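Hello,

Here is the structure I said I would pass on.

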Amino acid sequence: MKTLVLRRVATGDKGTFGCILYLDIPFALTLELRWLNNRRRKSCIPAGNYKCNRVDSPKFGNTFEITNVPGRSHILFHKGNLDEDSLGCVLVGEQFGNLGDDSGILSSKAGFNELMGIMKNEISFRLIIVDDW
């Protein structure tokens, strides 16, 4: 089973920003909601080890769900640019940047496609989330 590491590097009012690594090489950036005690649809999930399973989301299509999150469900990887696009999920992109007055991630389609390309033959993978802030 493949393992990805999500290293969260900064958090604040505009969200929680991170980097995804595969085989110790960073390949995409992430944006999540800021930490608000794991509140459903309001917070990023706790740092820890998770299993991610391939799912077919009615809204986001073929993606992966992060499972076994305490008190939470339906935490997905998907495209998006600002923390308001998240509702507790992990947004994937290629660069940090601004959209108007808001900080976010850009090239989300490319970043998400890179993630799905790495996992193209996988039905599940291990995710380790580390808080570096």
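**Surface and overall size**

The protein chain has an accessible surface of about 6,800 Å², and carbon and sulfur atoms hold 49% of that. Keep in mind that this is a predicted model.

Of the 133 residues in the protein chain, 47% count as buried. The C-alpha trace spans about 40 × 30 × 30 Å along its principal axes. Does the radius of gyration agree or disagree with that of a compact globule? It agrees: for 133 residues a compact globule would come out near 14 Å, and the protein chain has 13 Å.

Contacts across the sequence are worth a look too. Take the contacts in the protein chain with a separation of 6 or more: 49% of them join residues 24 or more positions apart.

**Fold**

The protein chain holds 10 strands and one helix. In sequence order the pattern is β-β-β-β-β-β-β-β-β-α-β.

Which strands close into the barrel, and in what order? There are eight, and the order is β1-β2-β3-β7-β6-β5-β4-β10. Their pairing is mixed. From one strand to the next, the twist averages 30 degrees.

As a reminder, strands of a sheet pair through backbone hydrogen bonds, either parallel or antiparallel.

Helix α1 covers residues 108-118. It lies across β1 (3-12), β2 (15-22), β3 (25-32), β4, β5 (61-66), β6 (75-78) and β7 (90-93). Relative to β7, helix α1 runs at about 100 degrees.

**Nonpolar core**

The largest nonpolar core has 23 residues. Which of them touch the most other members? They are L4, I66, F77, F125 and L127. At least two core residues come from each of β1, β3, β4, β5, β6, β7, α1 and β10. Helix α1 gives the most, with four.

Leaving out residues up to four places away in sequence, L4 touches I20, L21, Y22, F27, L115, M119, F125, R126, L127 and I128. Two of these partners, F125 and L127, are also on the list of core residues that touch the most other members.

Best wishes

Terms used: Residues numbered from 1 in each chain as written. Predicted model: local features only at pLDDT ≥ 70, side-chain atom pairs only at ≥ 80, totals over all residues. Heavy atoms only, no water. Pairing = 2+ DSSP bridges. Axes fitted to C-alpha atoms, helices over the stretch in contact; angles between N-to-C directions. Contact = heavy atoms within 4.5 Å. Rg over C-alpha atoms; globule rule 2.2 N^0.38 Å. Buried < 20%, exposed > 50% of the residue type's maximum accessible area, 1.4 Å probe, protein only. Areas by Shrake-Rupley, 256 points an atom, 1.4 Å probe, with all protein chains shown as cover. Core = buried A, V, L, I, M, F, W, Y, C linked by side-chain atoms within 4.5 Å.
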